[in-house]
Amino acid sequence: MDTKPWTGFRARIYSVIWRSPKTNSLVVRLAGLSASDRVLDIGCGPGAAVRKAAAIVVDGEAAGVDRSEPMVDIARRRSRRFPNARFEVGSAESLPFADGSFTVVWTAHSFHHWEDRDAGLAEMLRVLADGGRGLILETDGKKHGLTDSASAAVVADMERLGFRDVAVEKVDKQVIISGVCGSPNLST
Ligand SMILES: C[S@@+](CC[C@H](N)C(=O)[O-])C[C@H]1O[C@@H](n2cnc3c(N)ncnc32)[C@H](O)[C@@H]1O
């Protein structure tokens, strides 16, 4: 696990090599966004998924948060033409947003870096509005990802923390764990 904020050099290298990972399109697609959604990407890196979301949530907003200031600088620079996109420096474990701010929250290839996953999942739930959806996307497997047993543990953690309808799916060598915030009658 890598628990140190990424430096400017590492952020620049990542943002050049992984300019727009295919997995960013995948998470946006699986999120099933509509125009009025308010979206948060935790560990957004250079912000590619936030920009994809911003183009869809034209009546809502797309936010990204990352604990690396250089990453957030790159994301802001690349997103100037998206008025509904914004980026904040902050950690998954202590998100700089009010309760219930977002209808969809995801994290892509960042969860395995989090120092305190329980705290991060609790924060994901806190900033979700009732009926909102949280998604975790990681590589399917041991290296920088989630094995089947690790995924099962995350499912149990999410259920314990209060997510409902927690489900695991695998697409294109990625594992995606999703759950809904709030009691069942709130989203029906
Ligand atoms: C491999 S990059 C993925 C970036 C982006 N989500 C993507 O898929 O292209 C991981 C990102 O997670 C961020 N990160 C790691 N741990 C974090 C934490 N606890 N809170 C917020 N961001 C975190 C890193 O700074 C880095 O930008």
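Colleague: How many helices and how many strands does the protein have?

Modeller: This is a predicted model, in which local features need pLDDT of at least 70, side-chain atom pairs count only at pLDDT 80 or more, and totals for chains, interfaces and linings use all residues. Residues are numbered from 1 along each chain as its sequence is written. Helices (H or I, at least four residues) and strands (E, at least two) are DSSP runs, numbered from the N terminus. On that basis the protein has six helices and eight strands.

Colleague: In what order do the elements run from the N terminus on?

Modeller: The elements of the protein comprise both helices and strands. From the N terminus on, their order is α-α-β-α-β-α-β-β-α-β-β-α-β-β.

Colleague: What is the radius of gyration of the protein?

Modeller: The radius of gyration is taken over C-alpha atoms, and the globule rule is 2.2 Å times the number of residues to the power 0.38. For 188 residues the rule gives 16 Å, and the protein comes close to this, so it is as compact as a globular protein of that length. The C-alpha trace spans about 45 × 40 × 30 Å along its principal axes. The radius of gyration itself is 15 Å.

Colleague: How are H1 and H4 oriented to each other, and which residues of H4 does H1 meet?

Modeller: The axes of helix H1 (residues 8–17) and helix H4 (residues 69–78) cross at roughly 40 degrees and come within 8 Å; axes are lines fitted to C-alpha atoms, for helices over the stretch in contact, and angles run from 0 to 180 degrees between N-to-C directions. H1 is therefore oblique to H4, given that angles under 35 degrees count as roughly parallel, over 145 as roughly antiparallel, 65 to 115 as roughly perpendicular and the rest as oblique. Two residues are in contact if their C-beta atoms, placed from the backbone, lie within 7 Å. By this criterion Gly8, Ala11 and Ser15 in H1 meet Pro70, Met71 and Ile74 in H4.

Colleague: At what angle do H2 and H3 pack?

Modeller: The axes of helix H2 (residues 22–31) and helix H3 (residues 48–56) are 9 Å apart. H2 is oblique to H3. The contact is made by Asn24, Ser25, Val27 and Val28 of H2 and Ala48, Ala49, Lys52 and Ala53 of H3. The packing angle is about 40 degrees.

Colleague: Which residues of H6 meet H5?

Modeller: Helix H5 (residues 117–127) and helix H6 (residues 148–161) pack at an angle of about 50 degrees, with their axes 10 Å apart. H5 and H6 are therefore oblique to each other. From H5, the contact involves Arg117, Asp118, Leu121, Ala122 and Leu125. Their partners in H6 are Asp157, Met158 and Leu161.

Colleague: Which residues are closest to the ligand?

Modeller: The ligand is surrounded by 24 residues, a residue being near a molecule if its C-beta atom, placed from the backbone, lies within 6 Å of it. The closest are Gly43, Gly45, Ala92, Ser110 and His113.
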